[in-house]
Amino acid sequence: MKLQLILLWLILISSIGLAQELDPLEVRPSLATPRLSIPTNLTTVPVVNPGEYFVPPYVEDIPDDNFGELVKIGRNIFVNTQKYGKRYVGNGLNCTNCHLSEGRKANAAPLWAAYGLYPMYRHKNKEVVTFEERIQDCFKYSLDGIAPMVDSPEMEALVAYAHWLSKGVPVGIALPGRGFTPIKKTRTPSTENGEILYKTQCAICHGKDGLGYKYEDDRPGYMFPPLWGPDSFNRAAGMNKVKTAAQFIKANMPLGKGFTLTDDEALDIGLYMWIQSRPYDPRRSIITNIFMPPPGGCE
Ligand code: HEC
Ligand code: HEC
C-alpha cells in the first residue's frame, strides 16, 4: 500500500514537470542569434520582368512519379471540389470559380503567388497562419463547409498542387499578380447603380436572381456559379467584403472582360452583392447573424 502511494506520488511529480512549458529560445540559443548573415541581394533575383507575370509550369509537365500523382489529385480537387473534395464542401462552388484558370490567373488570387508567402500574419485570424490554415479558411467560408485536417489526403494534395505550380518562385516575395487588383473609391458606393450594372453586365451569366446556372448534364456544380443564395459563399468569406469583391470583379468580371469597369462601378456591384442573402457567418451565433449587419460592409 505504501509503495503504491509512493509510486503515485512519483507519477504526479513527473507529470507536473512534463507539463511545464519550455522556453524555445532558452533551449535553442543558436536560433535566436544567427551566426551567419544572409546575403540580401539573393532576394532581388527577378523571376519576372517588369510588366510581366510569373508563368507556372504546364499541366502536361506534371512529373510521372509519386509526387506527380499527388499533384494531379490536388488539381482535381481544385477544379472540381464538388466531386473530389465533396466531404468538406457545403455549397455549390469549386476553388477555381474564384481562383480562375485552375489557380493560375494573375489578379485572380493565383496559387503560385500565395504559396511562397506563408506562414504569414493574417489580421482576420489575428495570428500567423500556415498555407494549410489559409486553405482551411477558404473551405470554411468560401465553400461554406468544414476545414480538412492539415494532414488529410485532400490537404496534402492541394498543397502539392500549389507547390508544383510555384516552381521557381522565390520564398517570401510578393509577386506581381498576387491577390486581385488595388482599387480606389471616389464616391460612396450605390446599390441602385450596382443593380443596374448587375442586370446589364452580369445577369446574362449569373442569372437575374444571382443564383447561377447548373450544368445541364448531371455533373455537380455550376457552369455559371451563384453570387448569392444558399449555394454561394457565406458571410464570413473574403468575397463577402464589399472591397474584396470589388477588387476581384474589377480584375476579372465580366468574364473575359476584366479591367473594363471603373473602380466605383466595381464597388457598386460589390455592395449590391453584399446586401443579398447568403449562408450565415459560422463564427457567429444565430441571434447575431439575424440581428446584426453581416461583416464585410463598406469601410
Ligand atoms: C467564393 C470565392 C472563393 C472560393 C470558392 C475559394 N476561394 Fe480562396 N480566396 C478567395 C478570396 C476572396 C481570397 C483572398 C481573401 C482576402 O483577400 O481576404 C482567397 C485566398 C486564398 C488563398 C491565399 C491567397 C493569397 O494570395 O494569400 C489560398 C491559398 C486560397 N484562397 C485557396 C483556396 C482553395 C484551395 C479553395 C478551394 C478549396 C478556395 N481558395 C476557394 C476566394 C475564394
Ligand atoms: C460570360 C459570362 C459571365 C459574365 C458576363 C460574368 N461572369 Fe462572373 N463568372 C463567370 C464564370 C464562368 C465564373 C466561374 C469561373 C470559373 O470557374 O472559371 C464566374 C465567377 C464569378 C465570381 C466568383 C464565383 C462566385 O460565384 O462567387 C464572381 C463574384 C463573379 N463571377 C461576379 C461577376 C460579376 C459581378 C459580373 C458582372 C460585372 C460577372 N461576374 C459577369 C461568368 C461570367
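Student: How many helices does the protein have, and how many strands?

Tutor: The protein has 299 residues, of which 36% are buried. Its secondary structure, counted from the predicted model, consists of 13 helices and 4 strands.

Student: Which element gives the most residues to the largest nonpolar core?

Tutor: That core has 58 residues, and the members that touch the most others are Leu158, Tyr161, Ile249 and Ile269. Elements giving two or more residues to this core include α4 (66–79), α8 (131–142), α9 (153–165), α10 (191–206) and α12 (263–274). With 8 residues, the element that gives the most to this core is α9.

Student: Which domains each supply at least three residues to this core?

Tutor: Among the elements that give two or more residues to the core are α9 (153–165) and α11 (242–252). By the domain assignment, at least three residues of the core come from each of domain 1 (59–165) and domain 2 (191–291).

Student: Which residues of α9 are buried, and what span does this helix have from its first C-alpha to its last?

Tutor: The buried residues of α9 are Glu154, Met155, Ala157, Leu158, Val159, Tyr161, Ala162, Trp164 and Leu165, and their cover includes α4, α6 (100–103), α7 and α8. The helix has 13 residues, for which 18 Å would be expected at 1.5 Å a residue, and the computed reach from first to last C-alpha is close to that, at 18 Å.

Student: What is the C-alpha to C-alpha distance between Lys140 and Ala236?

Tutor: In sequence, Lys140 and Ala236 are 96 residues apart. In space, their C-alpha to C-alpha distance is 8.6 Å.

Student: Which element supplies the largest share of the shell around ligand 1?

Tutor: The shell has 24 residues, of which Cys95, Cys98, Ala114, Cys138 and Gly238 come nearest to ligand 1, and the elements that give two or more residues to it are α7 and α8. By class, this shell has 15 nonpolar, 7 polar and 2 charged residues. The largest share, 5 residues, comes from α8.

Student: Why can ligand 2 be said to lie between domain 1 and domain 2?

Tutor: Of the 23 residues around ligand 2, Cys202, Cys205, Pro225, Met253 and Pro254 come nearest, and α10 provides the largest share of the shell, 5 residues. Ligand 2 lies between the domains because its shell takes residues from both domain 1 (59–165) and domain 2 (191–291).

Student: How many charged residues does the shell around ligand 2 have?

Tutor: Helices α10 and α11 each supply at least two residues of this shell. By class, the shell around ligand 2 has 19 nonpolar residues and 4 polar residues, while the number of charged residues is none.

Conventions: Residues are numbered from 1 along each chain as its sequence is written. Chains are lettered from A and ligands numbered from 1 in the order in which they are written. This is a predicted model: local features need pLDDT of at least 70, side-chain atom pairs count only at pLDDT 80 or more; totals for chains, interfaces and linings use all residues. A residue is buried if 20 or more other C-beta atoms lie within 10 Å of its own, exposed if 12 or fewer, and partly exposed in between; C-beta atoms are placed from the backbone. A nonpolar core is a set of buried Ala, Val, Leu, Ile, Met, Phe, Trp, Tyr and Cys residues joined through C-beta atoms within 7 Å. Domain bounds come from an automatic or database domain assignment. A residue is near a molecule or strand if its C-beta atom, placed from the backbone, lies within 6 Å of it. Ala, Val, Leu, Ile, Met, Phe, Trp, Tyr, Cys and Pro count as nonpolar, Asp, Glu, Lys and Arg as charged, and the others, Gly among them, as polar. The expected span of a helix is 1.5 Å times one less than its number of residues. Two residues are in contact if their C-beta atoms, placed from the backbone, lie within 7 Å.
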